Amino acid sequence: MTESVAINRYTLTKELFYEGNKRTSRETYSRFALRMVLIMVAAWVIIAVITLLTKPSVVFLAVEALVLILASLWVAVYTPWNKRRKAYRAFLELYGEDAERTTMFYADRLIVNPEGREITVMYSDIAKTLTSDHLLIFITAANKGILVKRDGFLKGSESDILKLLDK
């Protein structure tokens with residue numbers, strides 16, 4: 001096996017898991033949530049006009065607005081939070097709490113070895129690279145995320161990895 005270009009090691013805590021999950025969710029789910037909220041607002045406007053034409057009462061409008069607000073909070077806040085919690089519970093079942101992650105970067109691939117379970121990803125399979133405050137997140141074509149702590153490099157650096165991905 002050829003020598004690694006970079007090595008990244010860190011402990012994947014609940015906070016880092018949530019940070020990575022929030023960032024990927026913002027990339028995918030946020031657009032859906034925004035569309036849903038806009039559709040609900042449009043529906044509320046139509047219902048508000050009908051309500052004013054049939055029963056000119058502000059109370060009905062207020063109740064309808066409250067329902068809209070609650071539904072929007074459900075779609076935009078509760079659903080992603082709940083999905084994040086479920087994903088973390090599934091992660092805990094597989095790897096246990098605070099799993100140690102070592103990622104080795106080679107010229108054409110990366111290898112993640114969490115707790116002895118080796119995962120190899122070719123750079124050509126990485127569809128997107130995202131960043132957050134503490135993480136680099138590689139999204140594969142199969143929609144799997146690989147987290148790498150930005151300050152966890154024992155060998156090489158973040159810029160070395162990004163150069164490899166650009167090739």
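This is a predicted model: local features need pLDDT of at least 70, side-chain atom pairs count only at pLDDT 80 or more; totals for chains, interfaces and linings use all residues.
Q: What makes up the protein, in helices and strands?
A: There are 3 helices and 8 strands, where helices (H or I, at least four residues) and strands (E, at least two) are DSSP runs numbered from the N terminus. Along the sequence the pattern is β-α-α-β-β-β-β-β-β-β-α.

Q: Why is the protein called more spread out than a compact globule?
A: The radius of gyration, taken over C-alpha atoms, is set against a globule rule of 2.2 Å times the number of residues to the power 0.38. For 167 residues the rule gives 15 Å, and the protein has 22 Å, well over that value, so it is more spread out than a compact globule. The C-alpha trace spans about 75 × 35 × 25 Å along its principal axes. Buried residues make up 36% of the 167 residues.

Q: How do you know that Ser 132 is buried or exposed?
A: Ser 132 has a relative accessible area of 12%, which is under 20%, so it is buried. It is found in the loop between S5 and S6. Its contacts (heavy atoms within 4.5 Å), leaving aside neighbours within four places in sequence, are with Glu 19, Arg 23 and Arg 150.

Q: Why do S5 and S7 count as edge strands?
A: The open sheet of 3 strands has the order S5-S6-S7, with antiparallel pairing. Strand S5 (126–131) and strand S7 (145–149) each have a single partner strand, so one side of each is left without a neighbour in the sheet. The twist averages 20° from one strand to the next.

Q: What makes S6 and S7 a pair?
A: Two strands pair if DSSP finds at least two bridges between them. Strand S6 (residues 135–140) is joined to S7 by 5 bridges, so the pair qualifies, and the strands run antiparallel. Leu 136 has Val 148 in S7 as its bridge partner.

Q: Which helices lie on this sheet, and at what angles?
A: Helix H1 (residues 14–54) lies across S5, S6 and S7, at about 50° to S6. Helix H3 (residues 158–166) packs on the sheet, touching S5 and S6, and its direction makes about 20° with that of S6. Axes are lines fitted to C-alpha atoms, for helices over the stretch in contact, and angles run from 0 to 180 degrees between N-to-C directions.

Q: How do you know that S1 pairs with S2 and with S8?
A: S1 and strand S2 (residues 99–105) share 7 bridges in the antiparallel sense. Asn 8 stands opposite Thr 103 in S2, and its bridge partner in S8 is Phe 153.

Q: What makes strand S1 mostly covered?
A: In S1 (residues 6–12), 5 of its 7 residues are buried.

Q: Why is the aromatic pair of Phe 17 and Tyr 18 called tilted?
A: The structure holds 10 aromatic pairs. In one of them, Phe 17 and Tyr 18 are 6.5 Å centre to centre with 55° between the planes. Rings of Phe, Tyr and Trp (its six-membered ring) pair if their centres lie within 6.5 Å; planes under 30 degrees apart count as stacked, over 60 as edge-to-face and the rest as tilted. The angle of 55° falls in the rest, so the pair is tilted. Phe 17 at 12% and Tyr 18 at 16% relative accessibility both count as buried. With Tyr 88 and Phe 91 they form one aromatic cluster.

Q: What makes Tyr 29 and Phe 32 a tilted pair?
A: Tyr 29 and Phe 32 are 5.5 Å centre to centre, with 50° between the planes. They are 3 residues apart in helix H1, and are therefore separated by about one helical turn. Tyr 29 is buried at 14% relative accessible area, whereas Phe 32 is partly exposed at 39%.

Technical notes:
Residues are numbered from 1 along each chain as its sequence is written. Side-chain values use heavy atoms; hydrogens and water are left out. Buried means under 20% relative accessible area, exposed over 50%, partly exposed in between (1.4 Å probe, protein chains only).
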